[in-house]
Amino acid sequence: MKKGLTLMITLLLLLPMVSVWAGGQQEGAAAAEETETVAVPDVELDYGKPTGDLEIFSWWAGDEAPALNALIDLYNDDYPQVEVINATVTGGSGVNAKAVLKTRMLGGDPPDSFQVHAGQELIGTWVAAERMLDLTPLFESEGWMDVFPEDLINLIGTENGIWSVPVNVHRSNVMWYIPENLEEWGVEAPQSWDEFLNIAEDLEAQGITPLSLATNWTVNHLWESVALGVLGADKYDGLWNGELSWTSEEAVEVWATLDEVLEYTNDDFSSLSWQQATDLVVGGDAAFNIMGDWAAGYMSTTLNLQPGSDYMWAASPGTDGVFMFLADSFGFPKGVKNPAATLAWLKTCGSKEGQDTFNPLKGSISSRTDSDLSKYNDYSQSAAEDFADNRIVGSLAHGVTANEGFMNDFATVMEMFLNNRNPEQAANAAQAIAIQNGIVSR
Amino acid sequence: MVGSKRNSVYSMIVLLPSLILLLIFVYGFIGNSFYVSLTDWGTGAALRENPVKNLIGLENYRRLFTGAIHERFRQDLINAIFYSLFLVAGTLGLGLFLAIMLDKGPKGENILRTIFLFPMALSFVVTGTIWRWIFSPKGGVNLIPTWFGMERGDFLWLSSREKVALFNWQSVPQIIALILFVIFAFMLYGGWKNGRRTQTIWGAVLSGLMLFYAAVLHYLLPPILPYAEFHGFSLATVGIIIAAVWQYSGYTMALYLAGLRGLPVAMYESAKMDGAGDITYYLKIAIPNMWPITLSAIIIISHISLKLFALIFSMAGADNASTGHPSVLMYLITFRANNFAVGAAISVILFLMAALFIIPYLIQSYRARR
């Protein structure tokens, strides 16, 4: 008996080593399989009169809850027979909500409709898994084909269909500052990263943090702004459609620039929330912050600051004329319990009234081109103008350009980069994960 | 005779339901996780109703240990080892100290005992939230120096990227081989001393193999990673360790206090009579006599150290790689990246680590019962 046990322990101890030895050195990454094209069921346009319960799944809690509640109120005005169950799971960017959603979908208990970032985050996970209904008939019957920008419809759809109804549009590449403070410190908002690096030295000498940064995902957020500034819109798009290699000189340059910029950020960034990074700018401890325009909602609504006078914004350095967007949207999962109420919910989400109710409170702009701008504040009006005539590209950190596998692995690559600050190695690792997640073919 | 037979039939019938449930929900699912870890479930349409799973052998494990993009897993594994070591050492040390202090029967012993035991009643999420405030970089403990007119401390308790005791991942097989060499050498020595032939032979063969690997083969075989990769003790884990020790040292205190009170008074008195001071009594007599308690405390605490998920998640966040743990990474890879096979591989590795702790315990109790 004793001998048997000893042998067992020995084997257990050896097992990890065996797996280390197993196989050679090549990284045999199995590229994402081609999803075979099957006929996808369309949404039906007549499920009867909406009644019963409707469960809406989202991560809009806290500061973002009032906007969602207003939208739900509007829905209840139109469909008083439906009881809306507001299922929120807190956590910025949906970090926790998405995991909960997956267990529910896998367990055969999909919510009637769920919030999801429009683009590859939805397509790479749920559309590829054939768990969504094609909404093209709904878009056609509601006349949405004409009111949503074509670029946007292309990004939320594939050749097989349109998969979600966007409720808002956020801009990712915005740099926030307090004009009064900049005047006092004798600097102006930089137009390029070179300019930023020049004035950063000066700010640091005055004891000011040039750029405030927060927890890990905001570094990815900064990366996409730096990448857009260094590469320009065409080459930035090239990273996602395979025209620009992740190991090219320009791509390495993005990491090198990020490395220089990180020298001028607060040391304690990984322990801060994005709101705390905004607070640093508002409180006069930091000069600039690059964050999506939900920061405008935070400053206007929570901190009661006036856009345009108390706080100002500019496109992040080197990205003037480009609008890096992300959007929240709602889709129609297969097998929901109450399809009639779900269809009605999507109609409310896409309607002009719904969008103009939701967005002024959320701090975002309407994804429709015909929205009533008078309901929005100064910042949103300027963003809406930019959205109408700027070049539009998608955000990585918020799920537009790459699937969830790539996004998660990219966070790991970023972590590696923050530890060793090696641009070459980061570029190589990014190429490896792009291959592994099917962003670029070998 | 007939009665005992009937008894065993009854006991079988009574045990059967829980046995079946155990087989399905524990061993069946462990087996299923192991099977998933041998597949490539996770590429492309992982969340389909009938996802495609191809068997790829130990490929996921190989990638975790030697693939370029799984650097975080390797650091997390190192973190897990340090978490276990420091948590066991910290709770045992502090618990023993508190128990000895209380054993002297100070005033208000009952109240103190409750106070020390109280943190254990909290959930990890509560502990994590409290200690996150205490360790926040611009507040909490970093403010203590200002009470004495000094500069505010600037140590980043939970987000420092500093690592100490660095070592190269490429030399890990060599290090493991050397550790195994020491273990097998002891086996050889024990067998030789007690005249057990098979044990001597096994010990000689295995320790020889390990030494041969560490001294010769390691340099001949290709390195497990194409480049040097340094890992070490991440300083950000100190904050987590302190919080966990705070939570569980009351528990070890209770164990030890019961142990001390269970020792016969005569033992203490005769030690005194022979001229032993308090220190000698505790060091030479009480602690060695409490060995079974120490052993069970080690096993329980090292299990808890593998379940730090909730504490790390609430205290530092899942994305904070400096305080990472394989269980947190498993959650991210499975539920965020949809890479179910790699997630399963990590959970199997965690399972084996737990087995490392529990098998010695099983041997011990098996021997004791015989």
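In the predicted model, strand β7 of chain A and strand β12 of chain A (residues 322-326) run antiparallel to one another and are joined by two bridges. Across this pairing, Arg171(A) faces Phe325(A), a residue of β12(A). Both strands belong to an open sheet of three strands in chain A, in the order β7-β12-β14 and with mixed pairing.

Chain A is assigned two domains, and each is made of two stretches of sequence: residues 52-169 and 326-383 for domain 1, and residues 171-325 and 399-436 for domain 2. A distance of 27 Å separates the C-alpha centres of domain 1 and domain 2 of chain A. Where the two domains touch, domain 1 of chain A supplies 21 residues and domain 2 of chain A supplies 22 residues. On the domain 1 side of this contact, the elements that give two or more residues are α4 (120-127) and α16 (378-389) of chain A. The largest contribution to that side comes from α4(A), which provides four residues. By residue type, the side of domain 1 of chain A that touches domain 2 of chain A holds ten polar, seven nonpolar and four charged residues.

Helix α14 of chain A covers residues 339-350. A residue is counted as buried when 20 or more other C-beta atoms lie within 10 Å of its own. Nine of the twelve residues of α14(A) are buried, and the helix is therefore largely enclosed by the rest of the structure. Among these buried residues are Ala340(A), Ala341(A), Leu343(A), Trp345(A) and Leu346(A). Thr342(A), Thr348(A), Cys349(A) and Gly350(A) are also buried in α14(A).

Chain B was described as a whole. Its secondary structure consists of 15 helices and two strands. Along the principal axes, the C-alpha atoms of chain B occupy a box of roughly 80 × 70 × 50 Å. Chain B has 370 residues, of which 37% count as buried. When contacts in chain B between residues at least 6 apart in sequence are considered, 73% of them connect residues at least 24 apart.

Technical notes:
Residues are numbered from 1 along each chain as its sequence is written. Chains are lettered from A and ligands numbered from 1 in the order in which they are written. This is a predicted model: local features need pLDDT of at least 70, side-chain atom pairs count only at pLDDT 80 or more; totals for chains, interfaces and linings use all residues. Domain bounds come from an automatic or database domain assignment. Two residues are in contact if their C-beta atoms, placed from the backbone, lie within 7 Å. Ala, Val, Leu, Ile, Met, Phe, Trp, Tyr, Cys and Pro count as nonpolar, Asp, Glu, Lys and Arg as charged, and the others, Gly among them, as polar. The expected span of a helix is 1.5 Å times one less than its number of residues. Two strands pair if DSSP finds at least two bridges between them.
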